[in-house]
Amino acid sequence: MNLTLKVWRQKNAQAAGAFVDYAMSDVSPDMSFLEMLDGLNETLQAKGQEPVAFDHDCREGICGTCSLVINGIPHGPDRATTTCQLHMRKFKAGDVITIEPWRAAPFAVIRDLVVDRGAFERIQRRGGFVSVGTGHAPDANAMAIPKRQADLAMDAAQCIGCGACVAACKNASAMLFVGAKVSQYAHLPQGQPERFRRVLAMVEQHDAEGFGACTNYQECEAVCPKEISVRVIGEMNRDYLRAVLVGVE
Amino acid sequence: MEGDVVSVQPAGVAKVVARLTQSSLGLKALVAVTGLGLVAFAFVHMAGHLQMFALLGGQEGYNQYAHKLQSLGALKWAARAGLLALTLVHVIATLKLIARNRSARPIGYASNHWLTASVASQTMRVTGPILLFFIIYHLLHFTALVVSAQGYEAMEYMLRDGSNLVVGDAYGRMVQAFRDPLLTVVYVLAVGLLGVHLAHGISSLFQTLGLTNSTYRPALATAGPLLAGLLTAGFAVVPLAILTGVIQ
């Protein structure tokens, strides 16, 4: 099928970007979205032009590297799907597809569609871990955790840190991300000693990075490729207020 | 800036205040708590007005109620100061959040999509300011008696509760006001917008305060719009009853 791509091109963080139109012909519906972009880049390189820079790594939906806002929706029109797992059969011949980078002040564009997600890394460094001596691996089931709690922790831990929640949020808030990172430990015994310090430190870093605040639109949940529930935001809110008002000793 | 999770220290009072008034979650909590206070007031306010109906009070009952509120003295002024404070914190915290949110996305998208957000949530920034202007107008109208209030000052009523006190005829003023279709439309539209604002606000504030769980989350999603609708209906029924002659 034939398509028109409107792709955001930007030389670097300082340069002003603009959309450039590319006509694509003979796109197979079985191609993944990124394979389609690979095709575009091969054509551009053959013509001696600069290929479109975009992030990708595992291409099997688990690493969180690919991004792209496709026709206004992070990771494109499919629910619970990363860009790399999106296929061209979701589009019709003749479609005009707009491709933009994640838009948020803390996610500066590095080049074209690639943004700097170091802000997530810095939030993680403030509390996305438990500081216990690890030693050797404990025996399985040495620490009994109720199934329901394990499930809640695991659901939150599905987060691959791709940043689609920020991209979709009208306030460019990273609350679903921070909520997931807070919630995954709040349900486990290993997370308890640092539970309230963790939420204070991570929210402080979230704010310092310049992300917006949550308005409970729930757009983040709708685009999350791992279907993280806004439940984690409610849990983070509760733990944060408890940490602020009751305090950490 | 502190280091990682290990180095977070117990905070002084100043830090607690800073977290509540500067952090994104603290500001949101302030908006939610003040919103809850204002919603509670709105329900009492609405229930009070239902005494306009003859069955629940009528002219005598409503004027007695109004007089009772007016004679609360210091308590009345404390309540007014409290409501003013709730409103100011609600508005200022929201403005600070909006400024933060704006700067978080300096460059927007070429194509903008809403996927799941309710119309009520999308229009909070429109309904909020309109309601603020309406509340100011409403206070100038029925409390200060300076806007659309021709002849209100002269309307008096003698209580028949044995005191024979001559008080302002709050009942009569309201009846006169809402015999005017234009004023009725303005008020009904305003309480309609209040309902839209609270359809999102009531559900949302519980999430913001973390007062949700798997049981309450779906219930709250329904309860918000339901309570907001109830409030709108309770407010709107009085002017509509006056316009249609049910209350005379």
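How many residues of domain 1 of chain A are in contact with domain 2 of chain A, and how many does domain 2 supply in return? The model is predicted.

**Stop 1: chain A as a whole**

Select chain A. Count the elements: there are 8 helices and 7 strands. The C-alpha trace spans about 65 × 40 × 35 Å along its principal axes. Of its 249 residues, 48% count as buried. Now think about contacts with a separation of 6 or more. In chain A, 70% of them join residues 24 or more positions apart.

**Stop 2: the two domains of chain A**

Colour residues 3-110 of chain A; the assignment calls this domain 1. The centres of the two domains, taken over C-alpha atoms, are separated by 28 Å.

Here is the reply to the opening question. Domain 1 of chain A puts 18 residues in contact with 17 residues of domain 2 of chain A. On the domain 1 side, the residues that touch domain 2 divide into 11 nonpolar, 6 polar and 1 charged.

**Stop 3: Asp112(A)**

Select Asp112(A). You will find it in the loop between strand S6 (109-111) and strand S7 (114-115) of chain A. Look at the backbone: phi is positive, about 45 degrees, although Asp112(A) is not a glycine. Is Asp112(A) buried or exposed? It has 22 C-beta neighbours inside 10 Å, so it counts as buried.

**Stop 4: H2(A) against H6(A)**

Show helix H2 (118-127) and helix H6 (195-209) of chain A. Their axes are 8 Å apart, and the packing angle is about 160 degrees. Because of that angle, H2(A) is roughly antiparallel to H6(A); the cut-off for this class is over 145 degrees. The crossing of H2(A) past H6(A) is right-handed.

From H2(A), pick Ala119(A), Arg122(A), Ile123(A), Arg126(A) and Gly127(A). From H6(A), pick Arg198(A), Ala201(A), Met202(A), Gln205(A), His206(A) and Glu209(A). By class, this contact has 4 nonpolar, 3 polar and 4 charged residues.

**Stop 5: H6(A) against H8(A)**

How are H6(A) and H8(A) placed relative to each other: roughly parallel or roughly perpendicular? Their axes lie 9 Å apart and pack at an angle of about 100 degrees. The two helices are therefore roughly perpendicular.

H6(A) brings Arg195(A), Phe196(A), Val199(A), Leu200(A) and Val203(A) to the contact. H8(A) answers with Met236(A), Asp239(A), Tyr240(A), Arg242(A) and Ala243(A). The classes here are 7 nonpolar, no polar and 3 charged residues.

**Stop 6: where chain A meets chain B**

Show both chains. Between them, 49 residues of chain A are in contact with 43 residues of chain B. H8(A) gives the most, with 9 residues. The side of chain A that touches chain B has 21 nonpolar, 15 polar and 13 charged residues.

**Stop 7: chain B as a whole**

Now hide chain A. Chain B has 9 helices and 2 strands. Follow the chain from the N terminus: the elements run α-α-α-α-α-α-β-β-α-α-α. Its C-alpha trace spans about 70 × 45 × 35 Å along its principal axes. Buried residues make up 30% of its 248 residues. Among contacts in chain B with a separation of 6 or more, 69% join residues 24 or more positions apart.

**Stop 8: Ala104(B)**

Select Ala104(B), in helix H4 (residues 74-104) of chain B. With 25 C-beta neighbours inside 10 Å, Ala104(B) counts as buried. Bring chain A back. Leaving out residues up to four places away in sequence, Ala104(B) touches Ala104(A), Ala105(A), Asn171(A), Ala172(A), Ser173(A), Gly210(A), Phe211(A) and Gly212(A). Then draw a distance to Leu69(B), 35 residues apart from Ala104(B) along the chain: their C-alpha atoms are separated by 46 Å.

**Stop 9: Leu145(B)**

Finish at Leu145(B), in the loop between helix H6 (124-143) and strand S1 (156-158) of chain B. Its phi is positive, about 55 degrees, although Leu145(B) is not a glycine. With 16 C-beta neighbours inside 10 Å, Leu145(B) counts as partly exposed.

Conventions
Residues numbered from 1 in each chain as written. Chains lettered and ligands numbered in written order. Predicted model: local features only at pLDDT ≥ 70, side-chain atom pairs only at ≥ 80, totals over all residues. Helix = DSSP H or I, 4+ residues; strand = E, 2+ residues; numbered from the N terminus. Buried ≥ 20, exposed ≤ 12 C-beta atoms within 10 Å, placed from the backbone. Contact = placed C-beta atoms within 7 Å. Nonpolar A, V, L, I, M, F, W, Y, C, P; charged D, E, K, R; others polar. Domains from an automatic or database assignment. Axes fitted to C-alpha atoms, helices over the stretch in contact; angles between N-to-C directions. Parallel < 35°, antiparallel > 145°, perpendicular 65-115°, else oblique. Left-handed = near helix turned anticlockwise from the far one by under 90°.
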